[in-house]
Structures are given as C-alpha cells and as structure tokens.
Amino acid sequence: MRKEHDVGFGLESLPPDGKKRRMDVTFSGGETIGLADDWSLDVLHVPGHSHGHQALYDRKHKAVYASDALRDRGCPKVDGSMGIPITYYDVDVYPSILRYFESLDLDGFYSGQFPAMQGEETKNFISESRKTVELFDRVILRELGRHPEGLTLEQLIETVANAVGDWPRDT
Ligand SMILES: [Fe+2]
C-alpha cells in the first residue's frame, strides 16, 4: 500500500512483535465458551476491520466484547476529539457485519477504542458506524462518476476525508 499509493504505514513504524508463542486454544467463530451453568459466551466471526476478527457475545447480559470490530467514523483521542480515521480492510464484508451487530439483542457494547456503551448508546454507535460506510460508498461512487479517467487512492481518501470533516490531516 505504502509503495504503490504512498498512503498507510511504512514498516519503520511497526513496533517490535516479540517472541513467537504457541497457542494452546484457538477459535474460528461459532464456538461457545461456558462460564457457568447458566452463562456462556458465543464466539462470533466478525471480519471487516481485520480478517479473522472475532468478538464475544454474552447473551445473558446482552453484551458484546468486540474490540475493533466496529469503528464509527474513526477512533477518538482521550479528550473525545477525532484521533485517527476508521480502518476496515474488507470493504465488502464490513457493512454486512454492521447489519449483523444491529440484528443482535444488545445492550452493552465493549470495544478497544471507545468508552463502554449501554442501551441507546450501543444502538446509535452501531447505526452511526453503518451510516458512515454508506456515506463513504456514496462519496466514492459519486467522485468516480465525475472522474471517468480514474482517481488515485490518495485522491479518494482526500475526498472522503473532506466529506467526514474532522479526520486529522496527518493521519
Ligand atoms: Fe484494530
């Protein structure tokens, strides 16, 4: 990506990845983890943000632990302002994952980048995440329609960034 389009991160910015470790247990989605006789977690396969992304769904408490599976318009800084733009690597799958989350009976939502959410906050967050990618699709298709000769990835990102409005320029 960096070499072809001059966008994204270079290898020089990657942190050390530590020693290799053997995994004793792995999941692929569809498993159930029992916590008590009346309490279990469903392992969900929810790619989009990343390939193979997984989340844990607690039906008993109507809660999901999703890490980065849903991204709103981007990740906030500690002060609530926009930190970095949304990232999702599978643009065809991500919208269907958003609709899947909307179909779950949910109250609590726990992610890796956003404060814990409950009730309407959860519903609004998922809905806003879906509306965001729908906006991106509209903006990108409109812009490509205006430029039949094509646009670079950097130009498309610029167009989407202008439509969103609050992505920091250096990200
Ligand atoms: Fe992530």
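Guide: Let's start in the middle of things. The largest nonpolar core has 19 residues, and Ala 55, Val 64 and Ala 66 touch the most other members. By nonpolar core I mean a set of buried Ala, Val, Leu, Ile, Met, Phe, Trp, Tyr and Cys residues joined through C-beta atoms within 7 Å. Buried, in turn, means that 20 or more other C-beta atoms lie within 10 Å of a residue's own; 12 or fewer makes it exposed, anything in between partly exposed, and the C-beta atoms are placed from the backbone. Two or more residues of this core come from each of β2 (39–45), β3 (54–58), β4 (63–67) and α2 (94–103), with α2 giving the largest share, four residues. Those labels are DSSP runs numbered from the N terminus: helices are H or I over at least four residues, strands are E over at least two.

Before going on, a word on what you're looking at: this is a predicted model, where local features need pLDDT of at least 70 and side-chain atom pairs count only at pLDDT 80 or more, while totals for chains, interfaces and linings use all residues. Residues are numbered from 1 along each chain as its sequence is written.

Back to Ala 55. Leaving aside neighbours within four places in sequence, Ala 55 is in contact with Leu 44, Val 46, Val 64, Tyr 65, Ala 66, Ser 67 and Ala 69; contact here means C-beta atoms, placed from the backbone, within 7 Å. The loop between β3 and β4 holds Lys 62, whose phi is near 50°, a positive value in a residue other than glycine. Lys 62 counts as partly exposed because it has 16 C-beta neighbours inside 10 Å. Asp 72, in the loop between β4 and β5 (74–76), also has a positive phi, near 55°. With 18 other C-beta atoms within 10 Å, Asp 72 is partly exposed.

Now for α2. Its buried residues are Tyr 94, Ile 97, Leu 98 and Phe 101. Seen down the helix axis they fall within an arc of 105°, so they line one face of α2; that arc is taken over the directions from the helix axis to the C-beta atoms. Arg 99 and Ser 103, on the other side of α2, are exposed.

What do those buried residues pack against? The partner is α3 (120–146). The axes of α2 and α3 come within 9 Å and cross at roughly 160°, where axes are lines fitted to C-alpha atoms, for helices over the stretch in contact, and angles run from 0 to 180 degrees between N-to-C directions. On the α2 side the contact is made by Tyr 94, Pro 95, Leu 98, Arg 99, Phe 101 and Glu 102, and on the α3 side by Ile 126, Ser 127, Ser 129, Arg 130 and Val 133.

Helix α3 also carries Phe 136, which is buried, with 20 other C-beta atoms within 10 Å. Phe 136 and Leu 156 sit 20 residues apart in sequence and 9.7 Å apart in space, C-alpha to C-alpha.

Zooming out, the protein has four helices and seven strands, in the order α-β-β-β-β-β-β-α-β-α-α. Of its 171 residues, 16% count as buried.

Technical notes: Two residues are in contact if their C-beta atoms, placed from the backbone, lie within 7 Å.
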